[in-house]
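Q: I've got a structure open and I'd like to learn how to read it. Can we walk through a few features together?

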Amino acid sequence: MNKTVTLALQGGGSHGALTWGVLDRLLEDGRVSIEAISGSSAGAMNAVALAHGYLEGGADGARQALKDFWDSVASSSPFSTPFEEHGLTADIATQSELPAAMKHLFSWTRFFSPSQLNPFDINPLRDILAAQIDFERLRQQPGIELFIATTQVSTGTLKLFRNRQMSLDVLLASACLPMIHRAVEIEGEAYWDGGLTANPPLFPLVHKCNARDIIAILLHAQPRAQVPSSASEIWQRLTEMGFSSTFYTELQGLLLAKREADRGWLTWGRLERRLRKLNLHVIAAPELMSQLSSHSKMNAQAAFLHSLHAEGRARAQVWLDQHFQQLGQYSSFRMAHLFR
């Protein structure tokens with residue numbers, strides 16, 4: 001029996017290959033129908049690739065589109081090596097290590113602007129997306145609803161783009177890291193990475209959709225037991241906090257609203273009825289993410305991406321075995337699960 005869900009896909013650079021693996025297994029399983037997807041940064045890339053592929057050839061087309069995208073990302077890496085040379089048995093944390101030259105490059109982003117480090121605004125994603133995604137078809141043909149998050153530079157607020165507004169610039173804006181790429185201009189406004197203001201956005205899946213179940217695919221690390229002391233540790237922790245605090249804030253607000261709706265004797269409004277029926281689910285790999293450095297989000301080597309993909313498939317299988325029957329019935333997620 002098919003069950004309809006919405007998906008919320010978190011951003012995290014190359015770590016989004018784990019999300020690819022989760023999506024690949026859910027699509028292969030065939031029992032989950034997708035009404036809508038929200039996403040930021042790498043989550044937005046996965047969302048648009050999936051939606052485009054689905055228009056082309058259903059679930060199999062979506063799986064192929066995701067594979068084509070991530071294989072192209074790996075091929076574009078100047079340090080990419082053949083995946084077969086590494087295999088899946090190697091430790092993912094070891095594979096995540098960046099070459100020294102790339103580590104030095106990213107350390108310079110703390111002192112130089114994108115126009116200095118990248119004067120020609122070189123972005124391999126631009127060519128990959130332009131070649132693989134038919135944005136006109138996404139705008140015109142009904143399919144999976146998309147909510148792509150960006151951050152408006154002038155106001156520091158969230159701006160969502162939907163199917164009818166989808167374009168190459170929108171997707172590049174959603175993944176525009178301010179220290180590496182120049183802001184992307186859309187209709188006179190400049191935009192940065194959507195993960196700065198929503199990572200990923202949840203409210204459109206509540207207000208604009210009908211599915212009772214939201215599955216959030218997260219790339220959070222486990223809580224850190226020790227206070228960071230070195231400069232690199234502090235920088236990594238600040239980066240993690242910056243890209244997770246917006247999600248936690250929105251999630252806590254949503255859970256509070258749902259709790260109040262559940263307590264009400266009478267439910268008059270559409271939102272209250274929607275909240276009472278809403279179920280939340282999470283697929284994540286916090287133990288693995290805790291072993292990966294922030295720098296590894298820029299690692300596009302094939303071995304690393306394919307190892308994350310395999311791990312994502314495994315996590316999705318565990319979730320399907322344990323929680324598929326709960327879809328449409330009740331939430332499998334508890335807030336405390338994120339803070340074990």
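Q: Is F135 buried or exposed?

A: First, some ground rules: this is a predicted model, where local features need pLDDT of at least 70, side-chain atom pairs count only at pLDDT 80 or more, and totals for chains, interfaces and linings use all residues. Residues are numbered from 1 along each chain as its sequence is written, and side-chain values use heavy atoms, with hydrogens and water left out. Now the idea: buried means under 20% relative accessible area, exposed over 50%, and partly exposed in between (1.4 Å probe, protein chains only). F135 has a relative accessible area of 9%, so it's buried.

Q: Which residues is F135 in contact with, leaving aside its neighbours within four places in sequence?

A: Contact means heavy atoms within 4.5 Å. With those neighbours set aside, F135 touches V48, L129, M166, S167, L168 and L171. Take M166: 31 residues separate it from F135 in sequence, yet the C-alpha to C-alpha gap is 6.3 Å. Across the protein, 80% of the contacts with a separation of 6 or more are between residues 24 or more positions apart.

Q: Where does F135 sit in the secondary structure?

A: Helices (H or I, at least four residues) and strands (E, at least two) are DSSP runs, numbered from the N terminus. F135 belongs to helix α7, residues 135–140. The whole protein has 14 helices and eight strands.

Q: Which strands does β1 pair with?

A: Two strands pair if DSSP finds at least two bridges between them. β1 (residues 3–9) runs parallel to β2 (residues 32–40), with seven bridges joining them, and L7 stands opposite I37 there. To get from β1 to β2, the chain goes through helix α1 (residues 16–29) in a right-handed β-α-β crossover. Right-handed is the call if, with the strands pointing away from the viewer, the path from the first strand over the helix to the second runs clockwise. β1 also pairs in the parallel sense with β7 (residues 213–217) over five bridges, where L9 has I217 as its bridge partner. As for cover, six of the seven residues in β1 are buried.

Q: How much of the protein is buried?

A: Of the 340 residues in the protein, 48% are buried.
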